[in-house]
Structures are given as C-alpha cells and as structure tokens.
Amino acid sequence: MTASAPASAPAAGRSLPRVVAASLIGTTIEWYDYFLYGTAAALVFNKLFFPTSDPLTGTLLSFLTYAIGFAARPLGALVFGHFGDRIGRKKLLVVSLLLMGGSTTLIGCLPTYDSIGAAAPVLLTALRLVQGFALGGEWGGAVLLVSEHGDQRRRGFWASWPQGGAPAGNLLAAGVLSLLTTVQSDATFLAWGWRVPFLLSAVLVGVGMWIRLAVDESPLFKEALARAEARKGAQAEAEQPPLVAVLRHHWREVLVAMGARMAENISYYVMTTFVLAYAVTHVHLPKQTALNAVLIASAVQFALIPVFGALSDRVGRKPVYLVGAVGVGIWAFVFFGLVDTKSFGGLVLAVTIGLVFHSAMYAPQAAFFSELFATRMRYSGASMGAQFASVAAGAPAPLIATALLKDYGSSTPIAVYVAIAALVTVGAVLCARETRGRDLADVGTGPEPTEQAAAVAKPATA
C-alpha cells in the first residue's frame, strides 16, 4: 500500500477537480428530478391526480405519493451499495442517473386523473418508486467517488461539493417552476405547463452522462479490489458480501449515521417542501412568492456548503454538525412565526436561516459518513446509514407536518417535531468518534475501526 500511494496521489490530484465537477453535476440533476416531484406535489399534483379531495386532504395524498419514493431508497442503497462495493462506484452512478432521468421524463408524459381516473395516481406512484430507488444508490457513490480521490487534509471541503447538488437541484427545480408560473396563467400551467420541467430532465441527463462517463474509478477502490482478489487467490475463500460485512463490523456506525440524518433530513423537507404548501394553503401567499423564497434560500445554501465543509476540516466534523442540529431545533419555533407574518421578507429569512443551520449538518456529512466505513464496504455502509434514515425522517416529514397542521390548526406541533429530531441527532453525533484527518485506506473492519493499533495488530481487510 505504501509503495503505491505516491504513484497514485498525483494522478488523483490531477483528476480531482474533474471528479468533483462530475459528481456535482450528476447529483444536481438527480436532486432536480427528485425535488421537482416534491415541489409539484406541494403545488399542483393535489389538483391533477387527487382532484376529488378538499385542498388540504389533496395535499396530504399528494405528499403520501411523495413519501412513498423514500420507501424505495433503502432498497436502492442495498442494491447499489452491494454492486458498488463489488464492481466500482462509477458504473453504478451511470445506472442511477439513467433510472432517475427516465422516470422523471415519464412523469412528464403521464395522463392525469381526468383522463384515466385512478390509474393516474397509481402510475405516478410507480414512477416515484423508481426515483427513490435511483436516489438511494446515487448519494453514496457520488460522495465516495470524491472522498476516495481526494486527500484527508481537505476531504471535508472537496466531499461537500456533491452535497451542493441538493440545493442546486432544488434551485433549478424551483426556478423552472417559478419561471413557468410567472409567464403562464394558472389554467395553462395546470393544463400542460407543469410537464415542461419533467420533460427537461431528458436533456439534463444527456449532459450528466457525457460528463460522468469521462471520470476515472476511485483509486482507493481499485487498490482495495486488487488486495481482495490477491487474498482470495491465496486463501481460496469467498469474500463476505458487503451487506453482511457492514452488519458484522460497522453496525454501530450505521446507527450513528442514521441518527445524524434525522434532524438534517426532517428539517430540510419541512423548510423547503412543506413550507410551500403551508405558505400557499394556510397563510394564503401566492405560489410565486413561496417559490421565490425557496429559490433565494437555496442559492445561499449552495454558497455555504463548501464553507462549512472547509470549516469541518479545521475544527472537526462533530462540532460543525452539532451547531447545525442545535440551531435547527431552536429555529423551528421561529421559522413558522416568520412565515405567518405573510411578508416576503419574513418568508425568505425563515427559509434562509433554516438552510444555514441545515448546511452545517449537510456539508460535513459526506466526509463524516465516508470516514466511518472500510473501503470494500463503504458504499454499502454509507448508503445504508443515509437512506434507511430517510424512511423515518424525510419520507414522512411533509406528511406528518401536514397532518399536524390539519389536526391542530397550529404550527407549534410541527416545530416540536423538528426539535425532537434535533435531539436525536445531537445524541447520535455525540456518540460518534471524531473522524477528521482519518486515512480512508486505514479504516479497518474490526469492532474498533478508528484505532490505528487495531489495524496494525490485525491484517487489514479493507
């Protein structure tokens, strides 16, 4: 390992900006597709696919189909993680992009409830499941490709760039919908205008594929694969499947990652997706006003993510993450009060500050989760921790928030919900070891992967 490191380091350094660009553009397209559905679910799907319900119930049903997509994300994490740890990160990222883009484009072609009745929401739900499956495999591969190309000194900064795909995708989705609602009447937008952003995905996927196919496979993965093949030939024994290895050696790290995701995931979907429905149906603000607020806040978040990623390289992953978790738990109580002022400035401030605290969690997350797992099970471990949490966190967040609003007629229970999630995340992060500066090649597979002594005493099986 030590003999090959100097040779591979310059090559990795030269290719790192290209890898970062490919991961960022790919994740932006994937999140654009995913958030486009969420934005449309908040604004139009209740009328197009659930028109027989009252407005709030229609929104609830619309968010239910939105949440179903999260159910497929753990399956995507398991399938893509398994093959990503067996055959490489790059190949699986190409597959995820094709699946996401294809399903999103097909949503743009769907007939509505008025045309085919109950079959319309059924088809919509099926395509949402494909979106969730694809996204479940995308995140882990994108952040690992960058983390395993870069050096440990600035890993937080470089690995945070694929995280920027979330606000960039949200910015793009909200921007396209905002433009269409500006230039079209409500009737025209409901008739066919809503389809345009979904059909645009086909063009974006073509661009993403062209860029993603040009990058190299992770050098750490190639070295780990070569060592695994050499061990298999010498010992004549089969290597454990990645899922089995993760559950055997890294189950604590999976639980830490799941807990760390709770506040990050719940707060994001409450403050960017549910807020659209809340502002339009409860506060009675125009759709354009709500979309513009999310646009501005997403732009600020995109700029802040690499800043927080770099900060985690200086002070550690845990301190930055904890600031975000505590901040979002407190801000939730201020958030809805600002939205209730019915002013554009209050809405922008509410969403922007909320996403500032979210960025403090989301930016170091890529490096943090990558540093928890050994190379030959890293795709599986990081994806499982991230995506299994999304079923309990992001999936029901808009649904729970809508139900709480319907039952209590107040935003206070929603703020309490976000604050409880923040407490869970604080506890999980406090239970984790600091990972800043860890050499990814030296993360072991034993019960104490953070101890260098364990790696010396026992042959590495990364």
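1. Glu371 and Arg155 are both buried, where buried means under 20% relative accessible area, exposed means over 50% and partly exposed lies in between (1.4 Å probe, protein chains only). Their side chains meet in a salt bridge, 2.9 Å from N to O; a salt bridge here is a side-chain nitrogen of Lys or Arg within 4 Å of a carboxyl oxygen of Asp or Glu. Glu371 lies in the loop between helix H17 (344–370) and helix H18 (378–392) and Arg155 in helix H8 (residues 155–163), so the pair ties together parts 216 residues apart in sequence. Helices are DSSP runs (H or I, at least four residues), numbered from the N terminus.

2. On the basis of the note: this is a predicted model, in which local features need pLDDT of at least 70 and side-chain atom pairs count only at pLDDT 80 or more, while totals for chains, interfaces and linings use all residues. Residues are numbered from 1 along each chain as its sequence is written, and side-chain values use heavy atoms, with hydrogens and water left out.

3. The whole structure has 6 salt bridges. Arg155, Asp313, Arg317 and Glu371 are linked in a network of them. Asp186 and Lys287 also pair through their side chains, at 3.5 Å from N to O. This pair links distant parts of the chain, with Asp186 in helix H10 (residues 186–193) and Lys287 in helix H15 (residues 287–315), 101 residues apart. Lys287 counts as buried at 18% relative accessibility.

4. Arg261 forms a salt bridge with Glu264, and their closest N and O atoms are 2.8 Å apart. The two are separated by about one helical turn because they are 3 residues apart in helix H14. Arg261 is buried, at 5% relative accessible area, and Glu264 is buried at 2%.

5. The largest nonpolar core has 135 residues, of which Phe45 and Phe369 touch the most other members. Such a core is a set of buried Ala, Val, Leu, Ile, Met, Phe, Trp, Tyr and Cys residues joined through side-chain atoms within 4.5 Å. Helix H14 (residues 251–282) gives the most to this core, with 17 residues. Leaving aside neighbours within four places in sequence, Phe369 is in contact (heavy atoms within 4.5 Å) with residues including Trp139, Tyr321 and Arg261.

6. Gly329 is in helix H16 and is buried, with a relative accessible area of 9%. Beyond its neighbours within four places in sequence, Gly329 is in contact with Ala419 and Ala422. The C-alpha atoms of Gly329 and Ile420 are separated by 7.5 Å, although the residues are 91 apart along the chain.
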